[in-house]
Amino acid sequence: MDETACWLALARAPGLHVGHLQEAGAAGAAARLVGQSARELLGRGIPAAAAQWLARPDRSVLQSDRQWLGSAGAQLIGCESERFPPLLGQSASAPVALYVLGRAETLLSAQLAIVGSRNPTAGGARTAREFAEFLASAGLVITSGLALGIDASAHEGALAGRGVTVAVLGCGLDEVYPPENRGLAARILSQGGALLSEF
């Protein structure tokens with residue numbers, strides 16, 4: 001199994017986090033966990049469901065994931081990559097890999113997160129947009145969740161400020177949610193931003 005397939009397997013391992021790799025002594029060599037026996041993985045601190053999957057990953061699923069990466073133009077960034085956000089990598093609960101559409105290098109830029117209510121007041125939405133526009137025009141990447149409300153206002157503000165914005169999705173990148181924000185997601189990508197998910 002090549003390295004890409006190993007990282008696809010690691011990304012799909014249920015409940016597997018960066019802290020588990022550290023506990024298993026696999027930091028810097030995570031791909032070597034794929035194909036080891038479930039018993040050995042359990043003994044090294046890998047959670048049971050992840051150990052079962054990593055011992056015998058479904059190659060047809062991995063092939064499907066690889067095909068999707070190619071057709072979507074997406075990237076898979078493992079936690080050992082220089083392109084993985086360094087501050088995120090310091091968290092034991094960080095995902096072992098991230099799927100990215102767009103410019104992955106934005107993940108290494110100085111960022112400010114703006115998140116909030118899905119049902120904000122008009123003043124709240126306006127304030128989020130204005131803050132994001134100002135900060136993006138000053139060079140900060142604005143990061144939010146692409147949800148309705150404050151999140152969308154923050155992304156809109158960053159785009160209005162001719163800045164860059166990153167949308168972190170709580171679902172896979174194969175389907176933008178909520179669907180009302182598909183156009184916004186497309187504009188984020190066209191203006192040099194990124195869509196990001198651990199799924």
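**Exercise 1.** In this predicted model, determine which backbone nitrogen a side-chain oxygen of Asp2 reaches at the start of α1.

*Solution.* At the start of helix α1, the atom approached by a side-chain oxygen of Asp2 is the backbone nitrogen of Thr4, and the separation is within 3.3 Å.

**Exercise 2.** Determine how the axes of α1 and α5 are oriented, and which residues meet.

*Solution.* Step 1: helix α1 comprises residues 3-12 and helix α5 residues 59-72; their axes come within 10 Å and cross at roughly 105 degrees. Step 2: angles of 65 to 115 degrees count as roughly perpendicular, and therefore α1 is roughly perpendicular to α5. Step 3: from α1, Thr4, Ala5, Leu8, Ala9 and Arg12 meet Val61, Leu62, Asp65, Arg66 and Leu69 of α5. Step 4: the residues of this contact comprise six nonpolar, one polar and three charged.

**Exercise 3.** Identify the salt-bridge partner of Asp65, and state whether each residue of the pair is buried or partly exposed.

*Solution.* Step 1: side chains of opposite charge can pair when their charged atoms come close. Step 2: Asp65 forms a salt bridge with Arg12, with 2.6 Å between the closest N and O atoms. Step 3: because Asp65 belongs to helix α5 and Arg12 to helix α1, the pair ties together parts 53 residues apart in sequence. Step 4: buried means under 20% relative accessible area; Asp65, at 11%, is therefore buried, whereas Arg12, at 42%, is partly exposed.

**Exercise 4.** State how many residues of α1 are buried, and what they pack against.

*Solution.* Step 1: seven of the 10 residues of α1 are buried, among them Trp7 and Leu10. Step 2: the buried residues pack against α4, α5, β1 and β2.

Conventions:
Residues numbered from 1 in each chain as written. Predicted model: local features only at pLDDT ≥ 70, side-chain atom pairs only at ≥ 80, totals over all residues. Heavy atoms only, no water. Axes fitted to C-alpha atoms, helices over the stretch in contact; angles between N-to-C directions. Helix = DSSP H or I, 4+ residues; strand = E, 2+ residues; numbered from the N terminus. Parallel < 35°, antiparallel > 145°, perpendicular 65-115°, else oblique. Contact = heavy atoms within 4.5 Å. Nonpolar A, V, L, I, M, F, W, Y, C, P; charged D, E, K, R; others polar. Buried < 20%, exposed > 50% of the residue type's maximum accessible area, 1.4 Å probe, protein only. Polar contact = N/O pair within 3.5 Å; in protein donor to acceptor, adjacent residues only side chain to side chain. Salt bridge = Lys/Arg side-chain N within 4 Å of Asp/Glu carboxyl O.
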